[in-house]
Amino acid sequence: MQKPLLFTPLKLRGVTAPNRCVVSPMVQYRASDGLVNDYHLVHLGKFALGKFGIVFTENCAIEPRGRVTQGDLGLWDDGQIESHKRLVRFLKQEGALAATQITHSGRKGSTPRSFDKPGQLGPEGAGWQKWQVAGPSELAAADGWMVPRQLDATDVDDLVRKFGEAAKRADAAGYDVIEIHGAHGYLLAQFLSPISNKRNDQYGGDRAGRMRFPLAAARAVRESWPAHKPMFIRVSSVDGAGGWEVEDTVVFAKALKELGVDVIDCSSGGLTGLSTALPVKRSLGFQVPFAAAVKREAGISTMAVGLILDGPQAEAILQAGDADLIAIGRQALYDPFWAVHAAQELGCDSDFEMWTPEYGWWLDKRKNNLVGLKK
Ligand SMILES: Cc1cc2nc3c(=O)[nH]c(=O)nc-3n(C[C@H](O)[C@H](O)[C@H](O)COP(=O)(O)O)c2cc1C
């Protein structure tokens, strides 16, 4: 039997993902001062034990005000590198590629944890820090959200430099893969969309002007990130507010490909705060058509994400040529052993050989014990 594509290694520049199963970035609000701690090690470490080929950390801010919440991870200070090293070491030791996502929240920063009180921090703050947010224009993400300070051209140059510096720290920590968060209405997405970007300088106006800062940030990361390591960018393929559409994403993806981005991670939405108007009706694999369009029309590798639940569904996406990698978010929270379970669903690991041997040997023995037993 031919090995499923999901479990075929993927070479990206000088590194090879052992399979196409990826843990999507998921913020946990458990950091202090942006440092990785025991929680992150156990939370992400279990996905490496579950044999995901690439394990992403949550979004790591490039400066303190670029966090979404006070509890986000960071890569804004050299003093944070050591804490990341321990996590990276463990992920790699268990066979996964260690990946991180770098971000700036822009006008959508200074929020509480989503399960405390969705939205932005009010004056009461609930014990969480509140800070003045910044963005492309003086436009709040939604009613009741903070009006951001407008970043001037010098601020933008400074942020471009900070994206590059964060990439250098990610490299120093040992990460194999870096992703820029350009989606979900955070700073770079705010610059891309004409709904949030009303500037009339070189960073606003037509699509080329609105892409200028995100492309400069991507260039700074590519130049700071070793040539043998792959770079991804997550995009909102459509912004959900009618300002940025798939055609724009294809143009953006072509420009990103030119400057050395390897994979476009195709998400969507999020521009206007916690809008209930979803850009795409939720269905299984609802964002896969974006990954397929970008892959075909921009000629670049893509990662599909969003309500991908099991091995056969993931395999069908890869077989159709719609994406090269499959990112799993909430289903990995539900089942940290998603990857090895997917392999069993696809019939390529009936003897638990893909599992870490400390588990697999026993589970295979137990499988034989269970033959013929009834409850
Ligand atoms: C708890 C949680 C935290 C998230 N944090 C991030 C994040 O830090 N960066 C990001 O790009 N997406 C984030 N997302 C979005 C996920 O990466 C993913 O795109 C989304 O959940 C859809 O995939 P799913 O249906 O497999 O969960 C988060 C999602 C969840 C559930």
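**Close-up A. What helix α2 packs against.** The buried residues of α2 pack against α1 (38-49), β4, β6 (97-103) and α3. Here "packs" is contact, meaning C-beta atoms, placed from the backbone, within 7 Å of each other. Helices are DSSP runs of H or I with at least four residues, strands are runs of E with at least two, and both are numbered from the N terminus. This is a predicted model, where local features need pLDDT of at least 70, side-chain atom pairs count only at pLDDT 80 or more, and totals for chains, interfaces and linings use all residues. Residue numbers start from 1 along each chain as its sequence is written. The buried set in α2 is His84, Leu87, Val88 and Leu91. A residue counts as buried with 20 or more other C-beta atoms within 10 Å of its own, as exposed with 12 or fewer, and as partly exposed in between, with C-beta atoms placed from the backbone. Glu82 and Gln93 are the exposed residues on the face turned away from the buried side of α2. After α2 comes Gly95, with a positive phi near 100°.

**Close-up B. Helix α6 and its buried face.** Which residues of α6 are buried? They are Asp248, Thr249, Phe252, Ala253 and Leu256. Down the axis of α6 they fall within an arc of 135°, so these buried residues line one face of the helix. They pack against α5, β10 (231-236), β11 (263-267) and α7 (288-298). On the other side of α6, Glu247 and Glu258 are exposed. Just past the end of α6, Gly260 has a positive phi of about 105°.

**Close-up C. The shell around the ligand.** There are 20 residues surrounding the ligand, and the closest are Ser24, Pro25, Met26, Gly329 and Arg330. By type, the shell divides into 8 nonpolar, 9 polar and 3 charged residues.

**Close-up D. Val22 in the largest nonpolar core.** This core has 103 residues, and Val22, Val55, Phe163, Met303, Ala304 and Ile326 touch the most other members. Such a core is a set of buried Ala, Val, Leu, Ile, Met, Phe, Trp, Tyr and Cys residues joined through C-beta atoms within 7 Å. Helix α3 (residues 153-173) provides the largest share of the core, 8 residues. Skipping residues up to four places away in sequence, Val22 touches Phe52, Gly53, Ile54, Phe56, Met303, Leu325, Ile326, Ala327 and Ile328. In soluble globular proteins, nonpolar side chains tend to be buried together.

**Close-up E. Ala61 in strand β4.** Ala61 sits in strand β4. It counts as buried because 26 C-beta neighbours lie inside 10 Å. Not counting residues up to four places away in sequence, the contacts of Ala61 include Gly34, Arg67, Trp76 and His104. Lys162 is 101 residues from Ala61 in sequence, with 9.7 Å between their C-alpha atoms.

**Close-up F. Two non-glycine residues with positive phi.** Ser110 has a positive phi of about 60° although it is not a glycine. Its place is the loop between β6 and β7 (134-135), and it counts as buried, with 23 C-beta neighbours inside 10 Å. Phe352, also not a glycine, has a positive phi of about 60°. Phe352 is in the loop between α10 (338-345) and α11 (357-370), and is buried, with 20 C-beta neighbours inside 10 Å.

**Close-up G. Asp206 in its loop.** Asp206 is found between α4 (187-192) and α5 (207-224). Is Asp206 buried or exposed? It is exposed, because 8 other C-beta atoms lie within 10 Å.

Terms used
Near = placed C-beta within 6 Å. Nonpolar A, V, L, I, M, F, W, Y, C, P; charged D, E, K, R; others polar. Contact = placed C-beta atoms within 7 Å. Arc of directions from axis to C-beta.
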